Amino acid sequence: MGTDVGQLRGFHHVKLPVADIARSRAWYQRVLGFEVALEFVEDGVLMGLALRDPTGTVELAIRADATRAAALAGFDPIALGVPDRAGLQTWEQRLDDLGEPHGGVVTGRSGSVLVGLHDPDGIEIRLYAEHNHEAGNPR
């Protein structure tokens, strides 16, 4: 490999397939607080959305594709970063208040993660807080 690899700045966005744009829009807005940034209309049909969190930090696109959405059901392609374990507990309480099923917070070697949160197509969305190894405590 050459040494002249271009620089990257992280992800621009992640795109997920969904079976029903309207149903997924409502879920991502209600559960995760995402706002619609762009609508993608093709031949007069809404085929996708660009979503972002209220701070503009996270950008997620959803695209109508029921076959691919079904294939991802049960898989966890996304772990959204949360500042610290207290933030995970805030999310856990929010999900409980919304009546949204999840698997709770589990802690591993490098962080804590809220597992078992599934979008309407069964795709798992995880919320993750890294541990601060230098201090020996979660951030």
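## Aromatic cluster

Tyr-28 is buried, at a relative accessible area of 0%. Buried here means under 20% relative accessible area, exposed means over 50%, and partly exposed lies in between (1.4 Å probe, protein chains only). The model is predicted: local features need pLDDT of at least 70, side-chain atom pairs count only at pLDDT 80 or more, and totals for chains, interfaces and linings use all residues. Residues are numbered from 1 along each chain as its sequence is written, and side-chain values use heavy atoms, with hydrogens and water left out.

The whole structure holds 2 aromatic pairs. The rings of Trp-27 and Tyr-28 are edge-to-face, with centres 4.8 Å apart and planes at 85°. Trp-27 counts as buried because its relative accessibility is 6%. Tyr-28 also pairs edge-to-face with Phe-34, at 6.2 Å centre to centre and 70° between the planes. Both Tyr-28 and Phe-34 are buried. Trp-27, Tyr-28 and Phe-34 form one aromatic cluster. The criteria: rings of Phe, Tyr and Trp (its six-membered ring) pair if their centres lie within 6.5 Å; planes under 30 degrees apart count as stacked, over 60 as edge-to-face and the rest as tilted.

## Nonpolar core

The largest nonpolar core has 24 residues, and Tyr-28, Leu-32, Leu-117 and Ile-125 touch the most other members. Two or more residues each come from strand E1 (14-18), H1, E3, E4, E5, H3 and E8. H1 gives the most to this core, with 5 residues. Such a core is a set of buried Ala, Val, Leu, Ile, Met, Phe, Trp, Tyr and Cys residues joined through side-chain atoms within 4.5 Å. Helices (H or I, at least four residues) and strands (E, at least two) are DSSP runs, numbered from the N terminus.

## Largest pocket

The largest pocket has a volume of about 370 Å³. It is lined by 16 residues, and the closest to its centre are Phe-11, Val-14, Val-58, Ala-79 and Leu-80. Helix H1 (21-32), strand E4 (59-64) and strand E5 (78-81) each supply at least two lining residues. E5 has the largest share, 4 residues. By class, the lining has 11 nonpolar, 4 polar and 1 charged residues. Ala, Val, Leu, Ile, Met, Phe, Trp, Tyr, Cys and Pro count as nonpolar, Asp, Glu, Lys and Arg as charged, and the others, Gly among them, as polar.

A pocket is an open set of points on a 1 Å grid over the protein atoms alone, where a 1.4 Å probe fits, with protein on both sides within 12 Å along at least five of seven lines; lining residues have an atom within 4 Å of a point. Grid points are joined across faces, edges and corners, and a volume is the space filled by probe spheres set on the points.

## Second largest pocket

The second largest pocket has a volume of about 210 Å³. Of its 15 lining residues, His-13, Leu-38, Phe-40, Ala-50 and Ala-61 are the closest to its centre. Strand E2 (35-42), strand E3 (45-52) and E4 give two or more residues each. E4 gives the most, with 5 residues. The lining has 8 nonpolar, 3 polar and 4 charged residues.

## Two further sites

His-131 is found in strand E8 (residues 125-132). It counts as buried, at 16% relative accessibility. Its side chain makes a polar contact with the side chain of Ser-112 (3.2 Å). A polar contact is a pair of N or O atoms within 3.5 Å; within protein, one must be able to donate a hydrogen and the other to accept it, and residues adjacent in sequence count only if both atoms are side-chain atoms.

Ala-86 sits in helix H3 (residues 85-98). Its relative accessible area is 45%, so Ala-86 is partly exposed. Ala-86 and Gly-103 are 17 residues apart in sequence and 17 Å apart in space, C-alpha to C-alpha.
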